[in-house]
Amino acid sequence: MSPIKNNLLKDATNGAMLSNTKLHQKLALPLIILSQLLGTSLWFSINGVWLPLSAEQQLTESDLGALTLAVQLGFIIGTLTLALTGLADRYRASQIFLFSSMVGAVVNALFILTVDIASIAWLLRFLTGLCLAGIYPMGMKLVISWVPRYAGSALAWLLAMLTLGTALPHLMRGITLDFSWQIPLLVSSLLALLGGLLVGWLGSGPHLPATASAHTLRSGLRALTRPKFRAVAVGYFGHCWELYAFWMLTPLLVLQPLTALNLPLSAVPWLAFFIIAIGSLGCIGGGLLTKRLPGLTVARLALFSSGSICLLYPLMTQLPAWILFALLLFWGLTVIADSPQFSALAAHFAPKENVGSALAIMNAIGFSLTLPAIWLTSNLWSIHNEWVTWLLLPGPIIGLWAMRKLSA
């Protein structure tokens, strides 16, 4: 081949690569956001079909807590593994996301075949949580790798999709009331698979190293020695204590006002969907507020608001049912609104070379705290009902206290 033709071929190749990069840049945030929605539909897939599943298998609220705990425990082990082995920084986030979505889709679907074998069903939910560790934290890292300048608002959209993904099983159950509970589970698996394929096509962004040298657990923990990162992390820990227990309790919290209005039980998945899904508006609204207020201020306001409802709700159960629904909607709106800001602040204050490990460690500790919160509230619900929400109050209080000296 002549030098002229060779140069022309190189120019054409470089031009195609540049065009492809620009296309990816434009599509990056929408695709990551959509993929996060689809992938996280695995998280509460069992909770969305809980009423027909529990009736068929004779399961209790404690069993619901155990299956939810299995997912949380799997997520914790997964994030710790990512940090301990350095996988979060050694491999491309898009590759981890794709692999986790594919495996998660399979184990979520297998639950249908093993639901009557308690130990295997629990194990499959644990494996689902393990896969989610490669979806949620890697989604955050993908955002930072593509749009670091707009991390706060971008992560607000990402967490909005996490919230919608959590609520999605309730919506799918509401839509498929005339079908068996297995259908929504299969749909969530297909959605997760699609989300993984989208991220696999997109790839990782140019603003973080594609790979890094192996880091140990110590590398991620070292970020906690930084006072500002530690303050944000403890705020996030308090947020986690409240959030996932509230999401787990949502189908139970709607029962009293639903009964007072003489509504059928078939309304539970619809109500649960709206209460959880409205949190996506809280995330987006919080992101918009950061254009006027510091992200730290937005996080404090959201944590204070959700904590206030956590305190007041058991004292207000004798009020008209529509007021209780309004309170639950406001709780759902504020309980997740601080999460994008915690993620953005943590990514900002973490060592740049260990962002993946630092975020993985923060997630692992935060989700570890969801275990006792979920266990306590699920096991004490049958005795104390709405009063168990007071057990979630220490989360917002400690979180706000930890951030008291952090300057906005």
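**An enclosed helix and its surroundings**

Analyst: Helix α8 (residues 136-146) is largely enclosed by the rest of the structure, because 11 of its 11 residues are buried. Buried means under 20% relative accessible area, exposed over 50%, and partly exposed in between (1.4 Å probe, protein chains only). Among the buried residues of α8 are Y136, K141 and W146. This is a predicted model, in which local features need pLDDT of at least 70 and side-chain atom pairs count only at pLDDT 80 or more, while totals for chains, interfaces and linings use all residues. Residues are numbered from 1 along each chain as its sequence is written, and side-chain values use heavy atoms, with hydrogens and water left out.

User: How many helices and strands does the protein chain have, and what makes a stretch count as one?

Analyst: The protein chain has 20 helices and 0 strands. Helices (H or I, at least four residues) and strands (E, at least two) are DSSP runs, numbered from the N terminus. Of the 408 residues of the chain, 56% count as buried.

User: Why are α12 and α16 called roughly antiparallel?

Analyst: The axes of helix α12 (residues 227-253) and helix α16 (residues 321-334) cross at roughly 155° and come within 11 Å. Axes are lines fitted to C-alpha atoms, for helices over the stretch in contact, and angles run from 0 to 180 degrees between N-to-C directions. Angles under 35 degrees count as roughly parallel, over 145 as roughly antiparallel, 65 to 115 as roughly perpendicular and the rest as oblique. The two helices α12 and α16 are therefore roughly antiparallel to each other.

User: Which residues of α12 and α16 meet?

Analyst: On the α12 side they are E242, F246 and L253, and on the α16 side L328, W331 and G332; contact means heavy atoms within 4.5 Å. By class, this contact of α12 with α16 has 4 nonpolar, 1 polar and 1 charged residues. Ala, Val, Leu, Ile, Met, Phe, Trp, Tyr, Cys and Pro count as nonpolar, Asp, Glu, Lys and Arg as charged, and the others, Gly among them, as polar.

User: Is H170 buried or exposed, and what does it touch?

Analyst: H170, found in helix α9, has 2% relative accessibility and so counts as buried. Leaving aside neighbours within four places in sequence, H170 is in contact with N47, G48, P251, P269, A272, F273 and I276.

User: What makes L168 count as buried, and which residues does it touch?

Analyst: L168 lies in helix α9 (residues 151-175), and its 15% relative accessibility is why it counts as buried. Not counting residues up to four places away in sequence, L168 touches L37, S41, L191 and F273. The C-alpha atoms of L168 and G48 are separated by 7.9 Å, although these residues are 120 residues apart along the chain.

User: Why does Q58 count as exposed, and where is its place?

Analyst: Q58 has 65% relative accessibility and therefore counts as exposed. Its place is in the loop between α3 (50-57) and α4 (61-85). Q58 has a positive phi of about 60° although it is not a glycine.
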